[in-house]
Amino acid sequence: MKKILVTGSNGLLGQKLTDAARKDLELEYIASSRGDNRYATDEGYRYIPLDITDHHQVTSMITTLQPDVIINTAAMANVDACEKDPEGSYTLNVAAIANLISTCEAYPIHLIHLSTDFVFDGEDGPYKEEDKPKPLSTYGRHKVEAEKLLQQSTCHWSVVRTILVYGIVQDMSRSNIVLWAKNALENRQEISVVNDQWRMPTLAEDLAIACITIAKKGEKGIFHIAGKDLLSIDEMVEAVAAYYHLDESFISKISSADLKQDALRPKRTGFVLDKAYKTLHYAPHSFEEGIKLMDLQLKEIMNQK
Ligand SMILES: NC(=O)c1ccc[n+]([C@@H]2O[C@H](COP(=O)([O-])OP(=O)(O)OC[C@H]3O[C@@H](n4cnc5c(N)ncnc54)[C@H](OP(=O)(O)O)[C@@H]3O)[C@@H](O)[C@H]2O)c1
């Protein structure tokens, strides 16, 4: 039985990993995040508070628990926040990973680290695992730095790059494209949506299953994990509006230049998923299927309240 420790377990991916791993009889599962546990139940796993920027805490916890695998989902993942606070981004997205790596090297522990399509500049998407990174933002540069540290280490490492993750969990750290569009249009708010950026939106459940498969199989190297549809952001918002029969006249389509965000975004990313299909038997949902699943989960959460 493999013992898996997840960091950042209060986040979207973290909670989906808890959903899957705590019921998996082949795994002993330990969740960790900064502060109190925000997952709905404490059945089937242990929770331990862990701030991954606290080097002493990380080292002593790993030494005590001696997991076989660590899945590091904790990150500063808001791209504009990283642009405005590069030091904060470096601390969480690079320095904390360096410490995790050196502790994992000592045992040895399989370290699975989450990365992003923002390592690419978006001029040649969809991208393969071996394509050369060319980040446009602080977030992207720091994710590349962390990837390089893993590649140069003697650690048993995997990097899971993913794209625009969406899903619903309790007490979320931040919103995502589906929830944002649904809430805004339900409240009849005018929203400006870019029509010159393309992504392959990823259902959080699909990403969690891919990470657990990598952990169980001990697969090494870089993996591209995303949804199967390449869509522009305005197409995603229109799909949400269509599913919920919301008024699309509140959607204004604009260019990225007009949106004036702090960080530059790649134009067209997307991933070639062949390695994931072949090695992990990865079977992602379509965006439409993902919205439908999220809708069912949202209704369940509302019923529990
Ligand atoms: N979401 C996306 O669209 C996307 C796209 C590409 C790549 N990724 C990558 O995928 C990974 C998971 O993303 P996600 O969407 O699940 O992110 P998320 O929802 O923001 O979750 C991150 C979690 O990490 C926790 N955390 C923050 N600082 C921490 C620290 N110092 N120590 C321990 N935990 C800490 C956060 O705690 P609080 O809840 O207390 O803030 C949060 O619960 C990240 O590496 C991200 O860069 C995400």
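Does Asp24 count as buried or exposed at 18% relative accessibility? Asp24 counts as buried at that value, where buried means under 20% relative accessible area, exposed over 50% and partly exposed in between (1.4 Å probe, protein chains only). The structure is a predicted model, in which local features need pLDDT of at least 70 and side-chain atom pairs count only at pLDDT 80 or more, while totals for chains, interfaces and linings use all residues. Residues are numbered from 1 along each chain as its sequence is written, and side-chain values use heavy atoms, with hydrogens and water left out. Helices (H or I, at least four residues) and strands (E, at least two) are DSSP runs numbered from the N terminus.

**The sheet**

- Seven strands make up an open sheet with parallel pairing, in the order E3-E2-E1-E4-E5-E6-E11; two strands pair if DSSP finds at least two bridges between them.
- E3 and E11 are the edge strands, each pairing on one side only.
- Neighbouring strands of this sheet are turned against each other by 20° on average, direction ignored.
- Four bridges join E2 and E3 in the parallel sense, and Ser33 stands opposite Pro49 in E3.
- H7 packs on the sheet and touches strands E1 (2-7), E2, E4 (69-72), E5 (110-116), E6 and E11. The direction of H7 makes about 150° with that of E5; axes are lines fitted to C-alpha atoms, for helices over the stretch in contact, and angles run from 0 to 180 degrees between N-to-C directions.
- Five of the five residues of strand E11 (residues 221-225) are buried, so E11 is largely enclosed by the rest of the structure.

**Salt bridges**

- A search of the whole structure finds 14 salt bridges, each defined as a side-chain nitrogen of Lys or Arg within 4 Å of a carboxyl oxygen of Asp or Glu.
- One of them joins the side chains of Asp24 and Lys216 at 2.6 Å, N to O. Asp24 lies in the loop between H1 and strand E2 (27-33) and Lys216 in helix H7 (residues 204-217), so this pair ties together parts that are 192 residues apart in sequence.
- Lys216 is partly exposed, with a relative accessible area of 32%.
- Asp171 forms a salt bridge with Arg38, with 3.7 Å between the closest N and O atoms. This pair links distant parts of the chain, 133 residues apart: Asp171 is in the loop between strand E7 (165-166) and helix H6 (177-186), and Arg38 is in the loop between E2 and strand E3 (46-49).
- Arg38 counts as partly exposed at 28% relative accessibility.
- The side chains of Glu147 and Arg161 meet in a salt bridge of 2.8 Å, N to O. Glu147 lies in helix H5 (residues 138-152) and Arg161 in strand E6 (residues 156-162), so the pair ties together parts that are 14 residues apart in sequence.
- Glu147 counts as buried at 2% relative accessibility, and Arg161 counts as buried at 1%.

**Helix packing**

- The axes of H6 and helix H11 (residues 287-304) come within 11 Å and cross at roughly 70°. H6 and H11 are therefore roughly perpendicular to each other; angles under 35 degrees count as roughly parallel, over 145 as roughly antiparallel, 65 to 115 as roughly perpendicular and the rest as oblique.
- H6 passes H11 in a right-handed crossing. A crossing is right-handed if the near helix is turned clockwise from the far one by less than a right angle, and left-handed if anticlockwise.
- Val178, Leu179 and Lys182 in H6 meet Phe287, Ile291, Met294 and Leu298 in H11, contact being heavy atoms within 4.5 Å.
- Lys182 is buried, with a relative accessible area of 10%. Leaving aside neighbours within four places in sequence, Lys182 is in contact with Val240, Tyr244, Leu246 and Leu298.

**Helices H1 and H2**

- Eight of the ten residues of helix H1 (residues 12-21) are buried, so H1 is largely enclosed by the rest of the structure. The buried residues include Leu12, Gln15, Lys16 and Ala21.
- Leu65, in helix H2 (residues 55-65), counts as buried at 8% relative accessibility.
- Leaving aside neighbours within four places in sequence, Leu65 is in contact with Lys3, Leu5, Ile30, Arg46 and Ile48.
- The C-alpha atoms of Leu65 and Ile4 are separated by 9.7 Å, although these residues are 61 residues apart along the chain.
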